[in-house]
Amino acid sequence: MPDGFRLLPGYFDRAAQQGLIDSVVAATRTAPFWRPSMPRTGKPLSVMMTNFGPLGWVTDKAKGYRYEPAHPETGTPWPDMPPALLDLWEAFAAYPEPPEACLVNWYGPDSRMGMHVDLDEAATDAAVISVSLGDRARFRIGGPQRGGKTASMIVSSGDVV
C-alpha cells in the first residue's frame, strides 16, 4: 500500500452510520444528488453526487473538473459538513486547515468509479478520506502514476480509508 494509506474497518458503528445517512438525506433538500458529466465528451458519470462544505467538486462538459461554492443545478451553497466528518478529519488528516469540500458519491447497482488521480486540489499534501456507507464494495488504490501497480480490498459500511 502507498505511504500514508490506512484502512480503519468499522470505524463508524451502526448509530454513527445512521447519523451520517440522516445528514446526507437532510442535505439533499437543498443540494440534491445530480449526475455530473465528463469533460470533453459530456458522457454522464454512472454515480450521482452531492457535496458538503464551502466548496463542492463538480464536473461537466463545458467547464471540466473543478470546485464550486454552489450546487450546479440549484445554485444554493453546499450544506455544512456534519460534525462527525469534521471530527474524523481532525483525528486523521494531519493537516493544519479544515476540509473545504466533502464529495458524496451515491453508487447504484451499475455504478463504477474508474482509477483516477486526484489532481484538482491546490493542496496536494492534504489527506483524502473516504467513508463507506451501505453495501460492500471493492476499493482499489494505486500510486501517483497511471498504469502503476494497484491493490484492492473490500470495504464495508462504516469503514474509513
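**Note on the predicted model**

1. Asn-51 counts as buried, because its relative accessibility is 0%. The classes are buried under 20% relative accessible area, exposed over 50%, and partly exposed in between (1.4 Å probe, protein chains only). Asn-51 sits in strand S1, residues 48-52. Helices (H or I, at least four residues) and strands (E, at least two) are DSSP runs, numbered from the N terminus.

2. On the basis of the model: this is a prediction, with local features needing pLDDT of at least 70 and side-chain atom pairs counting only at pLDDT 80 or more, while totals for chains, interfaces and linings use all residues. Residues are numbered from 1 along each chain as its sequence is written, and side-chain values use heavy atoms, with hydrogens and water left out.

3. What surrounds Asn-51, leaving aside neighbours within four places in sequence? The contacts (heavy atoms within 4.5 Å) are Trp-34, Gly-56, Trp-57, Trp-78, Pro-79, Cys-102, Leu-103 and Val-104. A polar atom of the Asn-51 side chain also lies 3.0 Å from the backbone nitrogen of Trp-57.

4. How many salt bridges does a search of the whole structure find? There are two. The criterion is a side-chain nitrogen of Lys or Arg within 4 Å of a carboxyl oxygen of Asp or Glu. Asp-60 pairs with Arg-66 at 2.9 Å, N to O. Glu-68 pairs with Arg-66, with the closest N and O atoms 2.8 Å apart. Side chains of opposite charge can pair when their charged atoms come close.

5. Arg-66 is buried, with a relative accessible area of 16%. Asp-60 is partly exposed at 22%. Glu-68 is partly exposed at 26%.

6. Ile-21, Val-25 and Leu-133 make a nonpolar surface patch of about 220 Å². Patch residues have over 30% relative accessible area and no salt bridge; like charges are joined within 9 Å, nonpolar side chains (Val, Leu, Ile, Met, Phe, Trp, Tyr) within 5 Å. Areas come from the Shrake-Rupley method with a 1.4 Å probe, and for residues only the protein chains shown count as cover. Leu-133 lies in the loop between S4 and strand S5 (137-141). Leu-133 counts as partly exposed because its relative accessibility is 34%.

7. Pro-98 is in the loop between helix H2 (83-92) and strand S4 (102-106). Is Pro-98 buried or exposed? Pro-98 counts as exposed, because its relative accessibility is 52%. Pro-98 and Ala-15 are 83 residues apart in sequence and 25 Å apart in space, C-alpha to C-alpha.

How values were computed
A polar contact is a pair of N or O atoms within 3.5 Å; within protein, one must be able to donate a hydrogen and the other to accept it, and residues adjacent in sequence count only if both atoms are side-chain atoms.
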